[in-house]
Amino acid sequence: MDSDSGISEGLKVGDTFPSFKLQNENGDMFDSSDMSGKRYVVYFYPKDNTSGCTREAKDFTAALPTLSEMGVEVIGVSKDSSKSHRNFIDKQELGFGLLSDPEHILMEKVGAWGTKISYGKETTGTIRSTFVVGTDGRIERIWKNVRVAGHVDKVVDFLKG
C-alpha cells in the first residue's frame with residue numbers, strides 16, 4: 001500500500017535527510033554533501049533487474065526530462081553491488097546513478113529496511129520508499145511501502161507543486 005501519511009519510522013517531513021557516503025555504479029564513492037543546495041529524489045528499491053524495480057527505474061528515467069527542467073536529480077539505492085548496478089543501468093538504459101548500500105546502513109537510518117510481507121510471508125528486507133529532499137537538505141515528502149504502478153507520476157506531481 002502506498003502510504004501518503006508523509007511519516008516514516010524515525011524520519012518525518014521537515015527532518016534533515018541523513019548524510020551518507022556510498023559506492024556508485026562505477027565503484028566510486030558518492031558523498032551526499034555533493035547534493036548540498038540541490039533538490040533531489042532518493043528512492044530505495046529491493047533488487048536490480050527484477051520486474052517491479054526495473055519498471056520503477058524506467059519510470060524515473062522517463063520522467064528525467066521533466067525533473068531536470070525543475071532542477072531535480074534522482075538517486076536510486078539498493079543493497080546490490082556496484083557491478084550489479086552498472087549492469088542494471090546499461091541493460092535498462094537508465095539515466096541516473098545507483099548507489100550500493102550492502103550493509104543497509106542508510107536504509108536503516110531512513111526506515112527503508114525492516115520487516116515486510118512478501119508473497120504472504122514475513123521477511124526482512126528493503127521497504128520500497130521514496131524521499132524528496134529540498135535544497136536545504138530537509139525532507140519535503142516521504143512515500144513508504146510504495147506500489148510501483150503510477151508512483152513516479154505521484155512524485156512528479158508533488159514536485160510540480
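Residues are numbered from 1 along each chain as its sequence is written, and side-chain values use heavy atoms, with hydrogens and water left out. Because the model is predicted, local features need pLDDT of at least 70 and side-chain atom pairs count only at pLDDT 80 or more, while totals for chains, interfaces and linings use all residues.

Let's start with the helices. The axes (lines fitted to C-alpha atoms, for helices over the stretch in contact, with angles from 0 to 180 degrees between N-to-C directions) of α1 and helix α4, residues 151–160, come within 9 Å and cross at roughly 25 degrees. That makes α1 roughly parallel to α4, a label for angles under 35 degrees. Contact means heavy atoms within 4.5 Å; on the α1 side it involves Glu56, Asp59, Phe60, Ala63, Thr66 and Leu67, and on the α4 side His151, Val152, Val155, Val156, Leu159 and Lys160.

Now to the pockets. A pocket here is an open set of points on a 1 Å grid over the protein atoms alone, where a 1.4 Å probe fits, with protein on both sides within 12 Å along at least five of seven lines; lining residues have an atom within 4 Å of a point. The largest pocket holds about 550 Å³ of space, a volume being the space filled by probe spheres set on the points. Its lining counts 17 residues, with Pro46, Lys116, Ile117, Arg128 and Val146 closest to the centre.

The second largest pocket has a volume of about 190 Å³. Among its 16 lining residues, Phe17, Ser32, Ser36, Tyr40 and Gly137 lie nearest the centre.

Technical notes: Helices (H or I, at least four residues) and strands (E, at least two) are DSSP runs, numbered from the N terminus. Angles under 35 degrees count as roughly parallel, over 145 as roughly antiparallel, 65 to 115 as roughly perpendicular and the rest as oblique.
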